[in-house]
Amino acid sequence: MLYLELLFQGIVQGSIYALIALGLTLVYGLLRILHVAHAALFTLGGYIGVIVTNQTGSLALAILAAMIVVGLVGVAMYKLAYEPLLSKPPFIALIASIALFIAAEELFRIIFGPYGLSYENPPLQGGFEIISGFFLKYGEALVIILSLLILSVLGWISGYTRLGVSWRATVTDPDMARAFGVNTQNVRYLNFFIGSALAAVAGVLVALLNNLVEPTMGSVPSYKALAIIVLGGLGSIRGTLLASMILGVIESFGTIYIGHLLDRDALAFGFLIVVLMFRPQGLLGTR
Amino acid sequence: MTMKIGILGAILGVSLVAASAQAGTIKIGFNVPLTGFAAADGLSAKTGAELAVEQINGAGGVKGDMLELVIYDDQASPKEAVPIAQKLIEKDEVVAGVSGSYSGSTRAAAGIFQEAGVPYISAYAIHPDITRAGNFVFRTSFVGEVQGRAGAKLIGESLGLKRVAIITLKNDFGQALAAGFKEAASSFGIEILSEYEYSIKDRQFGPIVSKVRADKPDVIYASGYFFTAGPLVSQLRAGGIDVPIIGQEGYDSQKFIEIAGAASEGTIITTSLDRDSSVAETQDFIKAFEAKSGQKADMVAASAHTAIKVLAEALQSSGASDRAAIRDAIAQTNLTASTGQISFNKLGEVQKSVQVQIVKDGQWHHHSVIDDAELLSPPSE
């Protein structure tokens with residue numbers, strides 16, 4: 001029973017990682033840019049989630065508001081920071097991204113204060129026993145359900161709609177896509193919007209589980225999401241999802257059984273190193 | 001021509017008079033985390049220290065001279081603390097320093113101050129090596145091991161609970177507390193079922209909650225700061241664990257109660273600030289801090305306030321010109337401050353009672369006091 005619980009905890013953590021890392025993969029796949037500032041959008045999503053829930057009492061509204069606002073901010077980030085740098089080598093955009101992230105963290109501290117924010121009436125407290133001895137919190141159940149929902153919707157859009165096909169075409173071969181009349185500019189905006197909105201959902205969910213949003217809450221995701229997309233294989237969405245889940249489970253068991261030797265991050269990166277030694281292209285990456 | 005000489009003379013005259021009427025300022029160095037992960041505690045500590053300076057200056061300063069805090073942001077990082085310590089000593093020429101920061105940075109800075117022969121007081125950083133830097137370094141709060149031992153007595157004797165699961169924050173602070181706790185555990189009949197560690201960046205404790213529930217302890221001894229303890233306690237309770245949770249001064253902030261919400265009810269901590277204290281210094285500090293900052297007082301602010309008060313008291317008797325004399329005066333301290341009766345042993349460690357507070361109706365309240373002089377005696381070398 002304990003092992004089942006630890007597995008579920010790993011899946012919950014993995015789902016959150018997936019929501020964050022997907023945005024990063026989407027951007028990398030399209031533009032070959034490592035969008036470190038993505039973690040700042042995660043933090044912003046968390047803040048909006050708490051603020052809107054405290055104002056209106058509705059978590060659902062908060063999630064929606066966070067997705068929309070952060071999606072737009074993500075697009076703004078692209079337009080202001082990345083679009084002008086597209087013709088330059090990718091490490092320039094990386095530097096810009098890191099700078100954006102650091103600035104954002106400080107902005108959060110200046111605007112929202114260093115103490116962090118909490119829900120005044122935290123929604124979805126408590127949990128339930130699925131089967132005897134196996135306990136799951138409502139918040140954790142929401143993470144799993146919401147992640148599955150979002151990923152299925154995205155998968156369907158990507159595979160079965162005109163929009164999805166245009167997007168995939170642009171990722172594979174932008175010039176050809178343009179030749180077929182796809183507006184690659186719009187595809188890029190959409191890409192950033194969706195990726196950022198996903199990070200926002202992750203932010204609201206993490207805020208729910210912890211009842212705390214802080215200016216620095218994006219600092220761990222900022223590098224861990226990078227590790228995840230490398231682990232999964234740069235540019236591979238399935239790889240990112242797989243890597244997120246595996247990492248979540250490894251951290252879950254690892255913090256309990258080898259926690260006195262290695263902390264959570266050390267475990268994650270240790271695992272990354274081991275995988276890369278045998279498969280330098282990542283789990284599902286193509287050489 | 002006469003006019004010009006007249007005006008020049010008047011200006012010179014006025015500035016001479018002004019200069020002689022100008023009180024001297026005594027510069028006190030203050031390193032504190034104002035940005036980064038510890039910014040919340042840093043802001044509290046800074047406000048506590050500023051309050052002390054305002055109160056002292058308002059009462060006439062130290063022998064007519066006004067205190068001035070020279071504040072630098074060390075981000076709770078040893079890398080930042082070292083150049084800051086050097087700057088305070090060489091450029092700002094402070095008469096003494098106070099650390100409003102965590103153990104990592106305080107330890108690094110203490111060495112610099114000791115070498116330069118400038119007194120340094122650690123307000124709330126608990127790592128034992130800080131005072132071992134030398135005889136110029138003092139500490140106004142409990143050293144980590146002492147508080148850990150007090151926790152063992154609280155759990156084993158006062159509360160009579162024996163089977164403990166320990167959750168330790170993996171840094172100087174948490175590990176010092178756990179070491180003290182484990183050292184004293186057997187003498188109070190405590191059986192340690194398991195120990196789990198987490199890093200200061202963790203906020204998600206799902207796996208630990210599941211495992212602790214499987215361990216079925218009578219009580220949990222968990223170290224952390226309010227921004228880790230808040231989520232931890234909230235998740236433990238939400239995970240269906242209802243045994244008592246015992247923490248330490250890292251929890252000591254209204255923010256802990258805000259974050260953990262209803263889950264914080266009944267949490268017990270060892271600390272140095274008694275909200276229900278009948279001691280005038282403590283109550284005055286609590287009221288003044290709330291009036292100044294709009295936030296509820298916490299241990300970090302009270303400790304910084306105490307450290308400045310100790311320094312000012314020493315300056316009162318030693319004067320501000322000879323740093324060795326200031327050091328000697330600090331060593332002779334016997335002062336009632338908001339965090340207790342302050343006097344130092346030969347290592348510069350304080351010996352005072354441990355306050356035990358409990359969360360009741362969403363506020364910190366007095367629970368008990370731990371007064372065992374032998375148990376609480378700090379190391380003397």
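B:Asn334 sits in the loop that joins helix 12 (323-331) to strand 11 (335-337) of chain B. In this predicted model, B:Asn334 counts as exposed, because 9 C-beta neighbours fall inside 10 Å and the limit for an exposed residue is 12 or fewer. Between B:Asn334 and B:Gln147 there are 187 residues in sequence and 21 Å in space, C-alpha to C-alpha.

**Chain B as a whole**

- Chain B contains twelve helices and 14 strands. Its radius of gyration is 23 Å, close to the 21 Å given by the globule rule for 381 residues, so chain B is as compact as a globular protein of that length.
- Along the principal axes, the C-alpha atoms of chain B fill a box of roughly 95 × 40 × 40 Å.
- Buried residues make up 58% of the 381 residues of chain B.
- Among the contacts in chain B with a separation of 6 or more, 71% come from residues 24 or more positions apart.

**A buried strand residue in chain B**

- B:Val164 belongs to strand 6 (residues 163-169) of chain B. B:Val164 counts as buried because 26 C-beta neighbours lie inside 10 Å, where 20 or more are required.
- Beyond its neighbours within four places in sequence, B:Val164 is in contact with B:Ile155, B:Ile190, B:Glu191, B:Ile192, B:Leu193, B:Pro217, B:Val219 and B:Tyr221.
- B:Val164 and B:Asp215 are 51 residues apart along the chain, and 9.4 Å separates their C-alpha atoms.

**Positive phi values outside glycine**

- B:Asp361 has a phi near 55 degrees, which is a positive value in a residue other than glycine. The residue is found in the loop between strand 13 (354-360) and strand 14 (363-370) of chain B. B:Asp361 is exposed, with 7 other C-beta atoms within 10 Å.
- A:Asn211 likewise has a positive phi, near 55 degrees, and is not a glycine. Its position is in the loop between helix 8 (184-210) and helix 9 (219-232) of chain A. A:Asn211 is buried, with 25 other C-beta atoms within 10 Å.

**Contact between chains A and B**

- Chain B contributes 32 residues to the contact and chain A contributes 34 residues.
- On the side of chain B that touches chain A, at least two residues each come from helix 2 (39-58), strand 7 (191-198), helix 7 (206-215), helix 8 (226-238) and helix 9 (254-260) of chain B. Helix 7 of chain B gives the most to this side, with seven residues.
- The side of chain B that touches chain A consists, by class, of twelve nonpolar, eleven polar and nine charged residues.
- Helix 7 of chain B packs with helix 10 (residues 237-257) of chain A at an angle of about 50 degrees, and their axes are 9 Å apart. These two helices, helix 10 of chain A and helix 7 of chain B, are therefore oblique to each other, and their crossing is right-handed.
- In this pair, A:Ser252, A:Thr255 and A:Ile256 of helix 10 of chain A meet B:Pro207, B:Ile208 and B:Lys211 of helix 7 of chain B. The classes in this contact are three nonpolar, two polar and one charged.

**Packing of helix 10 within chain A**

- Helix 1 (residues 2-31) of chain A packs with helix 10 of chain A at an angle of about 140 degrees, with 7 Å between their axes. The crossing of helix 1 of chain A with helix 10 of chain A is right-handed.
- Helix 1 of chain A brings residues including A:Leu6, A:Gly10, A:Tyr17 and A:Leu22 to this contact, and helix 10 of chain A brings residues including A:Leu241, A:Met245, A:Ser252 and A:Ile256. By class, the contact of helix 1 of chain A with helix 10 of chain A has 14 nonpolar, nine polar and one charged residues.
- Helix 10 of chain A also packs with helix 11 (residues 264-278) of chain A, at an angle of about 130 degrees and with axes 9 Å apart. Helix 10 of chain A and helix 11 of chain A are therefore oblique to each other, in a right-handed crossing.
- A:Leu247, A:Ile250, A:Glu251, A:Gly254 and A:Thr255 of helix 10 of chain A form this contact with A:Arg264, A:Leu267, A:Ala268 and A:Phe271 of helix 11 of chain A. The contact of helix 10 of chain A with helix 11 of chain A has five nonpolar, two polar and two charged residues.

How values were computed. Residues are numbered from 1 along each chain as its sequence is written. Chains are lettered from A and ligands numbered from 1 in the order in which they are written. This is a predicted model: local features need pLDDT of at least 70, side-chain atom pairs count only at pLDDT 80 or more; totals for chains, interfaces and linings use all residues. Helices (H or I, at least four residues) and strands (E, at least two) are DSSP runs, numbered from the N terminus. The radius of gyration is taken over C-alpha atoms; the globule rule is 2.2 Å times the number of residues to the power 0.38. Two residues are in contact if their C-beta atoms, placed from the backbone, lie within 7 Å. Ala, Val, Leu, Ile, Met, Phe, Trp, Tyr, Cys and Pro count as nonpolar, Asp, Glu, Lys and Arg as charged, and the others, Gly among them, as polar. Axes are lines fitted to C-alpha atoms, for helices over the stretch in contact, and angles run from 0 to 180 degrees between N-to-C directions. Angles under 35 degrees count as roughly parallel, over 145 as roughly antiparallel, 65 to 115 as roughly perpendicular and the rest as oblique. A crossing is left-handed if the near helix is turned anticlockwise from the far one by less than a right angle, and right-handed if clockwise.
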